[in-house]
Amino acid sequence: MKMITKDIWLSLFVLLFSFLIFELTPIDLAIQDYFFNFKTNGWVLDKNAVIPKLIFYDGIKRIYILFVVTLLIILIFFRQKSIIVRYKKGIIVVLISCIFIPLFIGFLKYVTNVPCPKDIQHYGGVYPYVSVLSEYPSAFQQTGRIKCYPAGHASGGFSLMSLYFLFSMKRNRKIALVSAISIGWVVGSYKMMIGDHFFGHTFITMTLSWLLILNTNYLVSYFSSDRGERKSLTKTCTRTK
């Protein structure tokens with residue numbers, strides 16, 4: 001548990017550091033320019049292209065929902081099975097992460113009120129370029145809140161990083177983690193190529209998702225342990241602080 005606590009603090013540092021980098025530098029615009037053709041005023045991929053949308057948006061979303069529902073059914077109806085008992089803690093961590101992370105990211109999208117690349121004037125939109133820490137110009141009249149930060153669609157893929165805690169073997173954990181990160185970035189890259197998100201939006205979603213997963217695993221481990229283990233865990237947290 002001591003290592004988990006250190007990982008939480010390290011992840012929090014990475015999240016805050018990367019947040020400031022994207023907020024205080026024009027790196028997002030520099031990267032996003034590669035996905036926009038200023039001659040034709042179009043993005044690398046057409047948002048309405050049927051096949052990419054089916055694969056990277058509608059299709060993967062449906063698979064994700066099916067995966068979450070399957071985990072829920074397993075915990076409700078098959079929790080007494082020996083193999084489920086063996087992996088119960090990990091399944092709970094994955095289920096909570098897969099439900100809570102997209103919801104939390106969705107909440108942040110509403111609160112931050114940050115426009116997407118396609119919405120800003122730099123790429124032919126009407127919105128000025130603003131970040132989380134900046135404000136809209138007083139002359140700009142916003143008719144409604146805009147929801148683009150951080151990346152919501154990629155949060156589903158990144159929440160699957162919780163599969164890391166489903167396995168005990170180091171090799172399987174690495175495979176699960178790399179696979180989940182790959183899924184998140186494939187989806188995130190698609191959204192960048194159609195002008196829906198900046199690179200920083202997706203990167204922040206990834207680091208925030210991992211931080212939430214670490215905390216979820218910590219809490220599940222704490223409440224699933226006996227009283228003696230909880231006292232030891234609490235002392236470990238105090239010493240690491």
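Reader: How many cavities of 30 Å³ or more does the structure hold?
Author: On a 1 Å grid over the protein atoms alone, a cavity is a set of points where a 1.4 Å probe fits but cannot get out. This is a predicted model, in which local features need pLDDT of at least 70, side-chain atom pairs count only at pLDDT 80 or more, and totals for chains, interfaces and linings use all residues. Residues are numbered from 1 along each chain as its sequence is written, and side-chain values use heavy atoms, with hydrogens and water left out. The number of cavities of 30 Å³ or more is one.

Reader: What volume does the largest cavity have?
Author: A volume is the space filled by probe spheres set on the grid points, which are joined across faces, edges and corners. For the largest cavity that comes to about 100 Å³.

Reader: Which helices each supply at least two residues of the lining of the largest cavity?
Author: Lining residues have an atom within 4 Å of a point; here they include Phe22, Glu23, Gly200 and His201. Helices are DSSP runs (H or I, at least four residues), numbered from the N terminus. Those that qualify are H1 (2-24) and H7 (199-224).

Reader: Which helix gives the most to the lining of the largest pocket?
Author: A pocket is an open set of points with protein on both sides within 12 Å along at least five of seven lines; the largest has a volume of about 300 Å³. Of its 15 lining residues, the closest to the centre are Ile60, Lys61, Tyr64, Gly156 and Gly157. Two or more residues come from each of H3 (50-77), H5 (153-159) and H6 (170-193). With six residues, the top contributor is H3.
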